[in-house]
Amino acid sequence: MPQFADPRNAQPRADNFSVGITIFIIGLGKKTLLADTLAPYANALFAAPGEPTLLVAWGGVLAYAFQLYFDFSGYSDMAIGLSRMFGVHLPLNFNSPYKSRNIVEFWRRWHMTLSRFLRDYLYIPLGGNRHGAARAKVNLMVTMLLGGLWHGASWNFVLWGGLHGAYLVLAHVWQVLKARLGWQGGSRAGAFVAWALTFIAVAYAWVFFRAADLPSALRIVAGMSGQYGVALPDAIGARLGGLHEALASLGIKWTLGGATQFIETWCWVAVAALVAFWAPNTQQIMHRFEPALDHDGTAAPARLAWLPAPRQALATGMLAVFCLLALSRPSEFLYFQF
Amino acid sequence: MSNDSHLRYLRKLGLAVLAGLLLVAGVVVLADPYGLYGVVRRPGLNAEKPVPQHFRNEIKLAGAQRLGAIQFLVGNSRVEVGFDPDSPVLGGDAYNLGLAGTGIMVAVGQLRYLRSLGIRPSRVIAGVDFHDALLAPGQRGGARQPPVAAQPNWAGAWKACFHWPPYAMRQPPLPCRATVRLRP
């Protein structure tokens with residue numbers, strides 16, 4: 001770590017502190033305001049999946065997909081920010097992975113340090129793509145299976161890794177096929193379909209990553225695929241007027257209770273989706289100040305690009321206050337010291 | 001970007017956090033949602049409190065301690081929403097410790113805790129259900145939690161309000177009242 005030996009880092013510097021604390025607060029916001037808020041809605045599905053209907057299954061799985069992303073990228077931001085306060089630049093770990101338009105791009109943006117480790121210490125030593133296309137795909141599959149196992153000793157993780165291995169193999173086959181057909185793509189509709197397909201594939205795989213056991217995972221996947229039908233809480237149906245009958249004629253069923261949970265789940269999923277799909281990420285916001293070791297300094301500044309200015313100080317300060325207030329949610333109650 | 005601008009940013013960030021926390025603290029003390037501070041209690045401003053979602057028992061016990069109550073209403077939701085501790089019948093110094101969804105074990109725990117603080121209740125009014133709808137047929141209530149014997153020197157008389165049939169059966173309760181005296 002030559003950065004530790006850098007004499008410029010021997011003294012505290014205001015620029016490092018201001019950049020570092022801002023990155024840290026953004027990460028804390030991701031963790032406490034988004035991930036922790038989404039957790040109960042994901043847990044509600046995965047703790048007792050039963051035979052979930054389409055929207056219930058997707059609501060819980062999307063809540064988990066966003067919870068995991070904001071949790072992990074929030075922690076990564078906090079680590080990057082803390083190090084930066086002391087002048088140390090850490091590598092990026094997330095780069096808006098849910099904006100990816102194919103699974104290869106997803107793995108370049110998700111848990112980037114692990115992806116690099118798997119590439120350098122598994123895929124390349126296995127031979128990489130040096131022994132032909134077929135062997136490269138086998139190597140890819142083995143790497144992802146072992147990468148899945150790296151997350152925990154469970155068949156669910158192996159399945160998750162296997163699914164991603166299969167996705168990657170399919171993506172490479174598709175790219176070869178596309179090149180042979182001379183299809184350029186590039187249309188906005190095509191880009192949207194590519195993004196949606198990638199995100200849906202990733203969401204399906206998360207079910208195996210999170211579910212307690214394989215039967216639960218398979219029931220949730222069945223629910224996401226519509227095997228248990230589509231249902232809405234009757235409290236929502238009662239407020240739909242004439243639409244109620246129209247939806248019923250389409251085969252949508254009405255369930256007793258659960259309206260609050262259903263609406264809250266989808267509202268928070270919508271908020272998280274807006275942030276994940278639309279908002280610039282931390283390194284884009286902090287673009288002007290080299291937020292990470294492998295930051296692309298040539299990219300254009302993003303919306304909401306940060307400057308050490310009074311308006312940003314107020315916004316970051318308010319975000320920090322919201323984060324501090326959200327910290328009270330864990331089960332400790334300081335007032336009552338038994 | 002000069003170092004001065006970063007220093008100014010850090011100073012303003014610290015001030016914004018401090019101001020935000022002071023603002024929140026002020027609003028919490030004024031609204032007093034858990035009835036813990038009692039600085040202002042004005043109808044139309046903060047007299048009505050929301051039902052807390054967490055730490056309900058702890059909040060109630062802290063409130064009872066702060067107000068120095070010596071008469072206690074304990075039991076489940078019927079006591080919590082059905083008895084007014086400010087009723088002139090009780091003559092003041094009463095506090096409603098009733099908690100929706102709880103049973104007699106929680107009430108005994110509350111009274112034991114207050115006793116450990118040196119609070120000697122002069123009167124305890126307990127709402128008791130003799131049918132636990134949460135138990136399976138044939139299951140005994142004691143299997144979930146061991147019964148706690150009344151402590152010596154508990155001089156309080158338990159006025160129990162019996163309800164039959166239980167709430168789960170969606171029938172209006174019959175008016176019935178009895179007094180149960182615990183071992184001294």
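Residues are numbered from 1 along each chain as its sequence is written, and chains are lettered from A and ligands numbered from 1 in the order in which they are written. Because the model is predicted, local features need pLDDT of at least 70 and side-chain atom pairs count only at pLDDT 80 or more, while totals for chains, interfaces and linings use all residues; side-chain values use heavy atoms, with hydrogens and water left out.

Helices here are DSSP runs (H or I, at least four residues), numbered from the N terminus. The axes of α3(A) and helix α8 (residues 188-210) of chain A come within 9 Å and cross at roughly 90°; axes are lines fitted to C-alpha atoms over the stretch in contact, with angles from 0 to 180 degrees between N-to-C directions. α3(A) is therefore roughly perpendicular to α8(A), a label for angles of 65 to 115 degrees (under 35 is roughly parallel, over 145 roughly antiparallel, and the rest oblique). Contact (heavy atoms within 4.5 Å) involves, among others, A:Trp58, A:Val61 and A:Phe66 of α3(A) and A:Phe199, A:Trp206 and A:Arg210 of α8(A). By class, these contact residues divide into 14 nonpolar, no polar and one charged, where Ala, Val, Leu, Ile, Met, Phe, Trp, Tyr, Cys and Pro count as nonpolar, Asp, Glu, Lys and Arg as charged, and the others, Gly among them, as polar.

Helix α3(A) also packs on helix α9 (residues 214-224) of chain A, at an angle of about 120° and with axes 7 Å apart. The crossing is left-handed, meaning that the near helix is turned anticlockwise from the far one by less than a right angle. A:Leu54, A:Ala57, A:Trp58 and A:Val61 of α3(A) meet A:Ile220, A:Gly223 and A:Met224 of α9(A), giving six nonpolar, one polar and no charged residues.

Elsewhere, helices α2 (residues 14-47) and α12 (residues 259-277) of chain A pack at about 140°, their axes 10 Å apart, and are therefore oblique to each other. This crossing is left-handed as well. Its contact includes A:Leu33, A:Pro40 and A:Tyr41 of α2(A) and A:Glu264 and A:Trp268 of α12(A), with 11 nonpolar, three polar and one charged residues.

How values were computed:
Helix = DSSP H or I, 4+ residues; strand = E, 2+ residues; numbered from the N terminus.
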